[in-house]
Amino acid sequence: MKAIFRYNVLARVPERLKPLEKIAHNLWFSWHHDIEHLFRRMDKHLWDSSKHNPVYMLGNISQERLEQLAEDTDFLARMDRAYEQFEGYLSVKSPYQADTNHCCVAYFSAEFGIAECLPIYSGGLGILAGDHLKSASDLNLPVIGIGLFYHEGFFQQYLNADGWQQEAYPENDISTMPLRLMEDANGQPVTIEVEIRNEVVKIQIWQLMVGRIPLYLLDTNLKENRTEHRHITARLYGGDWDMRVQQEIVLGIGGVRALKALGINPSVFHMNEGHSAFSALERIRILKVEGGLSFDAAREFVVATNAFTTHTPVPAGNDMFSPGIIHTYFEQYVHSLGIAFKVFLGFGRQNPFNEEETFSMTVLALRLSSHANAVSRLHTTVSRRMWHRIWPKNPMEDIPIHPITNGIHVPSWISKDMADLCDRYIGQNWIEDPNSQLPASIPDSELWKAHERQRERLVSFARKRLQAQLTHCGASAQDLCKAAQVLNPEILTIGFARRFAEYKRATLLLWDEKRLIQLLTHAKRPIQIIIAGKAHPHDNAGKELIRQIIHFANLPEVRHRFVFIQNYNIKVARLMLQGCDIWLNTPRRPLEACGTSGMKAIANGVLNLSTLDGWWDEAYDYRYGWAIGQGETYEDHHLQDEVESRALFNLLEREITPLFYDRDVDNLPVGWLEKMKAAMRDLYPKFHSHRMVQDYNKQFYTSISKRYSNLSRDEMKGAKELAEWRQKIMTSWDQIKINKVNVYDDIPVPVSGRMKVGAEIFLSQLQPEDLDVALYFGPLSFEGKFTEKDTVPMDAVESYGDGHHHFEGYIPCSQTGKYGFTVRIMPTHRQMETPYSTGLVIWANEDVIARKEE
């Protein structure tokens, strides 16, 4: 029997406590320990059971308790201070408000991991997106987020008796979340529509405040929609490929329409991974249909104002759809773009002429963005190799994917113990100043005591969680009693927590179980290991890794020292990252794009033990932690696992455990503390999300906003001119020819001198100002290939008529060695940020050189 009407009965918040309602509806509370402490003080059990959700808490706390708090002078004083801090934070005007070239950044992401009470994330991508918004808020940048509200979120994990992962999808109660339904001036919900297989799907919009930043979440769960369409925003990464393309239509096309419906006109569109790449097509469509631009002019404007971040070097992480699926969903849509369907498919293919190639969302985003980046230096090299065929004539180092290494929002991840130490010894502005020298003035004894409290807290949590897991499985009273005694708060604790994908190699430690057991049960220098993580619901290989770990954890001789915590989430992550001594990461190089969990460990004084992959490849130094191997790559994965597991055990036995247990007269591990302090001091500023967002602002947002202003002025005059210029370039490009290259100076060239080079070039109908003619030079390898490169421009110094021109340039010769050069021609225009977007380049051939090298 179902009720015919539903309603909520909520506690009445006294007028004196009304500030709590305002604080509760902004996730700013999630990165301020004092605010969380305020809510915990109201009702600790309810705070924990609500998953740290203050909106739920205020609605379900007893009326009697609220009345008590309204009379508690100490509580009220703390609340007033918190509210004053909150209001002061929000009232600070953005320094960009007066900057007409810096309007607004729309940041699209399929997931956002911001707080435990909002489970619309699965892992690193979402956590990174959440940290991006938090830092944008702290830095007061004009950013807005666009995502989806998943009513069932990502799955909750539990294991059966054999250790096989099972998935549960409890529905999120939207009425108890800090969300606000967007309404128009008449109080009616703002809705937009998208077309899914020629059917209209309605979408409503929720607003979530992340400090100063609004995050808009799209939701198809409306009664006007058919059941299958209501489920589009049910589960994150759920369903088949049809569901995935439907979600990405809602995110990309729906996201652009939502901004338009809300009256928001961003100057920058930043796509965090390729899930939202359809947004670029929708922006082109709007400019064409409603703005009267040609497809080419609209594309020029959209490309110029788009930025894209690629996050994964693993092919499976880049969504690729069959041409048939794309045809099913976009046949009618393409007509509104005014292009042929084959042309449309070409935007999503590395080789537009290969009709068998799938349609890649990453390729679509790369082709329709003027700025693209990978998320670490190593990942940049890998990404350039992966997507080189989009720019087939460019050498690898010229592929326009640039490094902006990820960072973490330290206030969200640092423990209260560590934060209090920083407040006391550094000053409370350390949160806003990522250049603060975190541990410099903190005494060793206090730093170690804080760290030990974190470990004790983790051990206590692990025991309770293990008991709950066993109770769920119907364990005996004896097993529950044993679970209450697992782990030891005083011994070396290693944490491993991440998505269970094969390349992350969660079972590398199990390669030599005998050796591992000896480490776990060592009489004088024992270790203990806590593991957590989920496998994708469709990844049986990942689930098998979990099952192997559970079977090992159940061995009688190690079950007190080896624990798997189920249902990994933000709460579990925080406790592990704060309470472990070592953070273990074992990806198979170079498949880890970045891996920000190790950065979070650093902020809490936890040392890293990792293969040289992702961020650790550029951060590692022996003073900060340990590296497994020396950055080798292997074709034989079995051999790689064997070699690196042996290296891992050698480090644990010969370096890590001896250093941890080497204590002074005060029982302090002085050598260990030196590493903790060095890592915190040197790496914290470099891998802070404030630095990351500032990099995006300097390298992407500011220049894109200026181009937005320039191209849109005078009814899109700049965009139209750029499209006409590109058409002229494309028409004449194949006729350009480098006829002769002259070297005017004697060879060899004396150091500190320069070498004059001239080139005779036929430009056809083009003018010198249409082209970037450059000398491309650098040191050479034994095979005659460039090991490094630099460029200097060549200037047009004489015109012979009929399209023939003479260019000259000078190569600086500042260092001795074997060098070489060539001549490169690329198109250029004052309105174009980068010539790489055209994909056009011409190189000189060896047979045009008039003077041979000695």
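Me: Two strands count as paired if DSSP finds at least two bridges between them; in which order do the strands of the open sheet with parallel pairing stand?
Reply: This is a predicted model, in which local features need pLDDT of at least 70 and side-chain atom pairs pLDDT 80 or more, while totals for chains, interfaces and linings use all residues. Residues are numbered from 1 along each chain as its sequence is written, and side-chain values use heavy atoms, without hydrogens and water. Helices (DSSP runs of H or I, at least four residues) and strands (runs of E, at least two) are numbered from the N terminus. The open sheet has 6 strands with parallel pairing, and their order is β17-β16-β15-β18-β19-β20.

Me: Which strands stand at the edges of this sheet, each with a single partner strand?
Reply: In the order β17-β16-β15-β18-β19-β20, the two ends of the open sheet are the places to look. A strand there has a single partner, so one side of it is left without a neighbour in the sheet, and this holds for β17 (562-565) and β20 (625-628).

Me: Which residue in β16 stands opposite Thr 493?
Reply: Strand β15 covers residues 492-497 and strand β16 covers residues 527-532, and the two pair in the parallel sense over 6 bridges. Opposite Thr 493, the residue in β16 is Gln 528.

Me: At about what angle to β16 does helix α22 run?
Reply: Helix α22 is formed by residues 570-579 and lies across β15, β16, β17 and β18 (582-585). Relative to β16, its direction is at about 160°.

Me: Which strands are the edge strands of the open sheet with antiparallel pairing?
Reply: This sheet is made of 4 strands in the order β24-β23-β27-β28, and its pairing is antiparallel. Pairing on one side only is what marks an edge strand here, and that describes β24 (790-793) and β28 (842-843).

Me: Which residue in β24 is the bridge partner of Phe 777?
Reply: Strand β23, made of residues 771-779, pairs with β24 in the antiparallel sense over 4 bridges. For Phe 777, the bridge partner in β24 is Asp 790.

Me: How many charged residues has the contact of α9 with α10?
Reply: Contact means heavy atoms within 4.5 Å, and among the residues of α9 that meet α10 are Glu 248, Arg 257 and Lys 260, while Glu 282 and Arg 285 are included on the α10 side. Asp, Glu, Lys and Arg count as charged, Ala, Val, Leu, Ile, Met, Phe, Trp, Tyr, Cys and Pro as nonpolar, and the others, Gly among them, as polar. By class, this contact of α9 with α10 has 6 nonpolar and 2 polar residues, and the number of charged ones is 6.

Me: Which residues of α20 make the contact with α25?
Reply: Helix α20 (residues 513-520) and helix α25 (residues 637-661) pack with their axes 11 Å apart, at an angle of about 20°, and are therefore roughly parallel to each other. On the α25 side the contact is made by Arg 646, Phe 649, Asn 650, Leu 652 and Glu 653, and on the α20 side by Arg 515, Leu 516 and Leu 519.

Me: In which loop does Pro 748 lie?
Reply: The peptide bond that leads from Ile 747 to Pro 748 is cis, with omega near 5°. Pro 748 is placed in the loop between β21 (737-743) and β22 (753-762).

Me: Which residues does Arg 547 touch, not counting those up to four places away in sequence?
Reply: Arg 547 belongs to helix α21, which covers residues 540-553. Once residues up to four places away in sequence are set aside, Arg 547 touches Asp 162, Gly 163 and Trp 164.

Technical notes. Pairing = 2+ DSSP bridges. Axes fitted to C-alpha atoms, helices over the stretch in contact; angles between N-to-C directions. Parallel < 35°, antiparallel > 145°, perpendicular 65-115°, else oblique.
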